[in-house]
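Colleague: Could you walk me through the charged pairs here? I'm new to this, so please take it slowly.

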Amino acid sequence: LRQAQQGVAVIMALLLTTLALTLVASLFWQQQVQVRLIENQRLQLQKQWILRGALDWASLIVREDAKYSSIDSLDEPWATPLADTRLDQYVENGKADSELADTKLAGQISDAQARFNLTNLVQNGVIDSVSVVQFARLLTLLNLDAALAQKTAQAMMQTAKSSVALLASNNQLQIAANASAVPANSPPVTPTQNNAESITFSQVDDLLQLTDYTPALLAKLTPFIIFLPRSTPVNINTADATVIAALVNNLSLSEAQMLVGTRKTAHFNELNAIATRLAGKNFSASSFSVTSSYFLIDGKVQMNRARLDMQALLERNGAITKLLWIREF
């Protein structure tokens, strides 16, 4: 009997030990998960601060460029990309913690006005036929359906009209609500919304809300288009040959490529020189410029196992820059 009791005691001791070890292991595991979560949050915050610092530096470069030049071209300092750079190279005496030593930063400033601005399609709530034709030519050059140009313009016009109508309706309702003639027992007046026309166009990805656009189509089109806050010309010093050919009615892609090739020798200082070079072509000076007000900032930071990509849009007005939007990927 005593041996049986001793055996039970041993088994109970083993069970209790196993249970205690399981509980301890569970606590250690939960603690490890919490530590890893906090570490990931810290890395995410550090990456964001690094990219924000890079964005401030890019803004400085763009502002300084405006002080010394009224022409924007690809041979200027802002157009030089920053290749993968280890941040520990810039730490005094080469001393850096292990995390900073494994951190790399890369980035590039590009001219947003090198792309076709889709905002040009609708101006003051009215479709601009010239811009629609230009966008249709761009689609054709990319072997895409040219009919998308008119469909896109129609959707943007409908959105613009809906926004204006909604604003006017809400203003009238607010005036009525504040008028002294409204009886005290009248039901409250609330703003109305038109959900049927709720599409907004501020990012290229917004085009996916239209049934005619697919991710594959948009991936092919994205490098050549953009939505800017206002109507803008295309900078002929930075634009791709495809965009230039789309804006000039009877200019072939090969001729546009030759024009782009001449920029490597000397950029264009004025539009008159371009008009002379394109004599006989349907060149409209209003579609082009030799300077830009909008710039895209692309940045990438790699820290240990984590990576963060960012894109931002800057507006430059003289020597003043303004951040319009920023996206993280």
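Modeller: Let me begin with the term itself: a salt bridge is a side-chain nitrogen of Lys or Arg within 4 Å of a carboxyl oxygen of Asp or Glu. Please keep in mind that this is a predicted model.

Colleague: OK, how many salt bridges does the structure hold?

Modeller: There are eight salt bridges in the structure. One of them pairs D65 with R316, whose closest N and O atoms are 3.1 Å apart. This pair links distant parts of the chain, since D65 sits in helix α1 and R316 in strand β10, 251 residues apart.

Colleague: And is D65 buried or exposed?

Modeller: D65 counts as buried because its relative accessibility is 9%, and buried means under 20%. R316 is buried too, with a relative accessible area of 7%.

Colleague: Switching topic, what does D205 form a salt bridge with?

Modeller: D205 pairs with R327, and their closest N and O atoms are 2.8 Å apart. D205 lies in the loop between α4 and α5 while R327 lies in strand β11, so the pair ties together parts that are 122 residues apart in sequence. D205, at 37% relative accessibility, counts as partly exposed, and R327 counts as partly exposed at 25%.

Colleague: What about E255, which residue is its partner?

Modeller: E255 forms a salt bridge with K281, with the closest N and O atoms 3.1 Å apart. Because E255 is in helix α7 and K281 is in the loop between α8 and β8, the pair ties together parts 26 residues apart in sequence.

Definitions and conventions. Residues numbered from 1 in each chain as written. Predicted model: local features only at pLDDT ≥ 70, side-chain atom pairs only at ≥ 80, totals over all residues. Heavy atoms only, no water. Helix = DSSP H or I, 4+ residues; strand = E, 2+ residues; numbered from the N terminus. Buried < 20%, exposed > 50% of the residue type's maximum accessible area, 1.4 Å probe, protein only.
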